[in-house]
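Dear colleague,

I am passing on the structure below, and after it I set out what was found in it. Please read the notes with the structure open beside them.

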Amino acid sequence: MSYIKKPRVHHPGLTKNRLGLTRRDYEGTMSTLCAGCGHDSITAAIIEAFWELEIEPHRVAKTSGIGCSGKTPTYFLQEAHGFNGVHGRMPSITTGAHAANRDLMCIGVSGDGDSLSIGMGQFAHVVRRNVDMLYIIENNGVYGLTKGQFSASADVGSTAKRGQVNREHPIDSVLLALNLGAGFVARSFSGDKEQLVPILKAGLRHRGFALIDIISPCVTFNDHHGSTKSYQYTRDNYNQLVYADFVPPAHEIQASYEAGDVRTVGLHDGSSIRFRKVPGDYDPTDRDAVYGYIRERQRAGEVATGLLYVEEAGEVGEESDFHGIQGTVEEPLVDYPYEELCPGAERLERLQERFR
Amino acid sequence: MTDDSRISPNGGPPPGAVRVNDLAFKIGTVNGTGSASANGLLRRAIFRMGIPVSGKNLFPSNIQGLPTWYEIRANADGHTARTARFDMVVAMNPATYKRDIEEVTTGGWVLHDSSWPLPRDLDRDDVTFLGVPLAKMTVDNFTGSRVRILMKNICYVGALAALLDIDMEIVRGLLKDTFAAKAKLLDANYLAIDLGHDYAREHFDCPLPVRLAPMDGNRDSIVIDGNTAAALGCVYAGATVAAWYPITPSTSLVDAFTLFCHQFRKDPETGRNRFAIIQAEDELAAAGMVIGAGWAGARAFTSTSGAGLSLMSEFIGLAYYAEVPSVFFDVQRVGPSTGMPTRTQQGDIQFVAYASHGDTKHIVIFPANPHECFDFAVKAFDLAERYQTPIFVVSDLDIGMNDWVVPKLEWNDSYRPDRGKVLTAEELEAATGPFHRYLDVDGDGIPARTLPGVHPKGAYLTRGSGHDRYGNYTEDSEPYADVLARVGRKIEGAAPHLPAPEIRVREGAKVALVTIGGCRGAVLEAVDELAERGIEVDYMRIRAFPFHPDVEPFLAAHEVNFVVEQNRDGQLGKLLITETGAAKESLQSILYYGGYPMSCHHVMDGLAEHIDLGADPAVVEPAPKAVATGGVSA
């Protein structure tokens, strides 16, 4: 239905957020993806998250690489700048933009091929640098635009549409990000908007790098029996491990550690994540334990989802994100007046004594 | 030239000849032994005597233990390009004794460590051997192996000071500056320098007939390498983001930028950085970061060499087609592949001009020396934002890493960056119609751009995929071609606004020498030498691509244009044939691509294959082929 142009005029009765914007104001152009594509559900969740967070769209920078996922920034936040770059290199573009203007809220949308094959290096290093961004992997285990080759996230034994069996080990972005020191790691499912929206909101508010790997079935090339990234398989083996709510700064809640099944983790901006339900002694702030638990669930054939790991704001220094490591000034570099950047003729004259 | 009737017992020029402030010598050492500071000391002392001087470091791609050379050329006329005619070799590395001794010109000198005898087979009867027991002296006077090794270097500086008549007060002053805070080291250096100096004075007839004398040639000059100068240019241009991956010979550019930023760019109150320097995981990421930062509105650059630029090529095409300002410094080294990473070449000329797939053509500027590295760095950022495109500043290892005497860098405080067509929040707010990113409103091929985070009306999606003039995705023939043609016009339109070629014309010249970048010194020296032989040639140095409108008429005005450059395939020549109306027959290549900086003799030897140069008036007797022509002045 991509030939339909979206109407510019919206119904006057649509609900508005405190900025006076409706959900429609957070939309982009009409999607050109296949009907039923998981990516479109994710786009809808992103729109909902931004609307609920009441973020001015033009404060956002949307970035992506190449592939079906790369197209999606066009479909949300029409009033935000976007950059659809080259394959696997979204992280470096985002890093540069964030370096130049730290006030931009960065959201990068990638895919399993884009992040785990061609862009594996950049993915790893953007985690290390702790660039303040929300990094979404729309994970469908397959290359769609080139018609159905396995990606690096395809499980051993999963089959392609024409029956070939994958025998190479998958790369799991969640385990990888945990290993590389990411401060916010989540896995979700495009078919579970209720779970996804609060995680997106928390990820956007998290200071530093936040990863959400979202199983997003490819209806055309990877939604058959034998695929481990199909709607059916994901629903059958879905384990909502961690139930979490995002609580904005204004809505102060009481931390309740004694209840055992409820835990609150504060974020840098004063907002918090309230874990409603976690299994047994699961501690979403214990990196090693989280890693072990995910591996255990995988061995049991389950896809563990939820906000799996988050570091507490106080746990790491304020200076652990990209600009903290860089020691950059609080103001965005792009806003610095030239006069304060140029040392001037007199200092050049003095400096050159060194070269005589 | 002054006359001196004394017959030198040290060999050298024929009786009666003294040559002042026109000499070159070469110091062969082992890398990792601290000889660089001793050699720098020599070069700086000569500079402070007021004599134009260059220092060329020929170093291996290695950390410790391999041969390395430092060549110093002092020339009152300012000819400080590399020369292959060495009046003296300081042979400190037994592993290279043979080839070092072979390189001394007839009548020259070999200064060597006489603590042990030189092998007999290295003897030459047309040069004079000057033995100084350097190792023995340092063993006798210093303790600790590291100190002895370092002081041996300072010892030969002392001996050379006596032999060449280098002002010892200047040498001592430089040592004092260097070791101001380390009294013990200063004393050791003073002692070492005197040991060498006194030994030479006692055992040889100092100074040699080829010598130095104070003059006033450097009053408005500095000695600086191109990477340092380019880094300063980036600071002065207001660059705030640098992303890079270590690669010889470009690394020192970012090193210098880091140093200057810490000196000049700290917030005085908070001590925080008004810059971000990111060591990327590879050159691809470095390019991506620069493009991301340029897109967001920062002046951003990367510094690399040919191998790195190869990795950046995909991103370069994106920046070209999506029209993102970005600055790329390419400090060329010897290719292809890893090639010879610590040697110099001009092998990237054609590659940079059209880097990336599809129809791409870039604005490239070619500095010839560190002074231009500074000016062109500033220029590059203005051009990048004016034309919304990647700009390449192409130097080479010789320019980037070696010490050049150049006029002082100048700065005009009235300079303000040319940010090009960037719409402000106010302009966007006041606009009545929608903003279209790629619409050529002014008819000059340059559309307006907007920065993220500024205003909702400025939003658009930057993409490397097909797009129309409104910024929308397209796979339709006409809207795609429309944008690509306009981008092409934009780049061509830049040509008159790029640095014009440097042109020098001489009365009666029918042929011309055309060159680029760091070959300048060698070619200008050739122009002078040809004039001495009664042959007039014009001179043009290309400074930018696409070619300035002055280039084509110059080529057309000469029967033959000899294009001097440092690569195998005559890349500049081919580019001139492709991109100007010059007749193919009117261009002849003179090429040297062996990895050392271009010398005058390369130009002369190349010309000799095409035209009769007559006899060299300076040559007293023919020199063997292996040794460069030249010799002593009558």
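The model is a predicted one, and in it chain B averages a pLDDT of 93, with 94% of the residues scoring at least 70. For chain A the mean pLDDT is 91, and 92% of its residues reach 70 or more. For the complex, the predictor gives an ipTM of 0.95 and a pTM of 0.94.

Some stretches call for caution. In chain A, pLDDT stays under 50 over residues 252-261, where the model has 8 contacts beyond four places in sequence. In chain B, residues 1-11 also stay under 50, with 26 such contacts beyond four places in sequence, and so do residues 619-634, for which the model has 31 contacts beyond four places in sequence. Where pLDDT is low, the predicted coordinates should not be read in detail.

The contact between the chains

The contact takes 49 residues from chain A and 56 residues from chain B. On the chain A side, at least two residues each come from β2 (81-84), α3 (90-100), α5 (120-129) and α11 (345-351), and among the elements of chain A it is α3(A) that gives the most, with 8 residues. By class, the residues of chain A that touch chain B divide into 22 nonpolar, 20 polar and 7 charged.

Strand pairing also links the two chains, for β2(A) and strand β17 (residues 461-463) of chain B pair in the parallel sense over 3 bridges. In that pairing, A:Gly82 stands opposite B:Leu461 in β17(B).

A sheet in chain B

Chain B also has an open sheet of 5 strands, with mixed pairing and the order β18-β20-β19-β22-β23. Its edges are β18 (502-504) and β23 (587-591), and because each has a single partner strand, one side of each is left without a neighbour in the sheet. Neighbouring strands here are turned by 20 degrees against each other on average, direction ignored. The strands β18(B) and β20 (residues 537-542) of chain B pair in the antiparallel sense over 3 bridges, with B:Glu502 opposite B:Arg541 in β20(B).

Two helices of chain B are placed against these strands. Helix α16 (residues 520-532) lies across β19 (511-516), β20 and β22 (560-565) of chain B, and runs at about 170 degrees to β20(B). Helix α19 (residues 600-608) of chain B packs on the sheet and touches β19, β22 and β23 of chain B, its direction making about 135 degrees with that of β23(B).

Helix pairs in chain B

The axes of helix α7 (residues 226-237) and helix α12 (residues 370-387) of chain B come within 7 Å and cross at roughly 30 degrees. An angle under 35 degrees counts as roughly parallel, and α7(B) and α12(B) are therefore roughly parallel to each other. The crossing in which α7(B) passes α12(B) is right-handed, and by class their contact has 12 nonpolar, 3 polar and 1 charged residues. Among the residues that meet there are B:Ala229 and B:Leu232 in α7(B) and B:Phe374 and B:Phe381 in α12(B).

Helix α9 (residues 283-296) and helix α10 (residues 306-322) of chain B pack at an angle of about 30 degrees, with their axes 8 Å apart, which makes α9(B) roughly parallel to α10(B). Their crossing is right-handed. The contact includes B:Leu284 and B:Ile291 of α9(B) together with B:Leu311 and B:Phe315 of α10(B), and its residues divide into 9 nonpolar, 2 polar and 1 charged.

With best regards

Conventions
Residues are numbered from 1 along each chain as its sequence is written. Chains are lettered from A and ligands numbered from 1 in the order in which they are written. This is a predicted model: local features need pLDDT of at least 70, side-chain atom pairs count only at pLDDT 80 or more; totals for chains, interfaces and linings use all residues. Axes are lines fitted to C-alpha atoms, for helices over the stretch in contact, and angles run from 0 to 180 degrees between N-to-C directions. Helices (H or I, at least four residues) and strands (E, at least two) are DSSP runs, numbered from the N terminus. Angles under 35 degrees count as roughly parallel, over 145 as roughly antiparallel, 65 to 115 as roughly perpendicular and the rest as oblique. A crossing is left-handed if the near helix is turned anticlockwise from the far one by less than a right angle, and right-handed if clockwise. Two residues are in contact if their C-beta atoms, placed from the backbone, lie within 7 Å. Ala, Val, Leu, Ile, Met, Phe, Trp, Tyr, Cys and Pro count as nonpolar, Asp, Glu, Lys and Arg as charged, and the others, Gly among them, as polar. Two strands pair if DSSP finds at least two bridges between them. pLDDT is the predictor's confidence in each residue, from 0 to 100.
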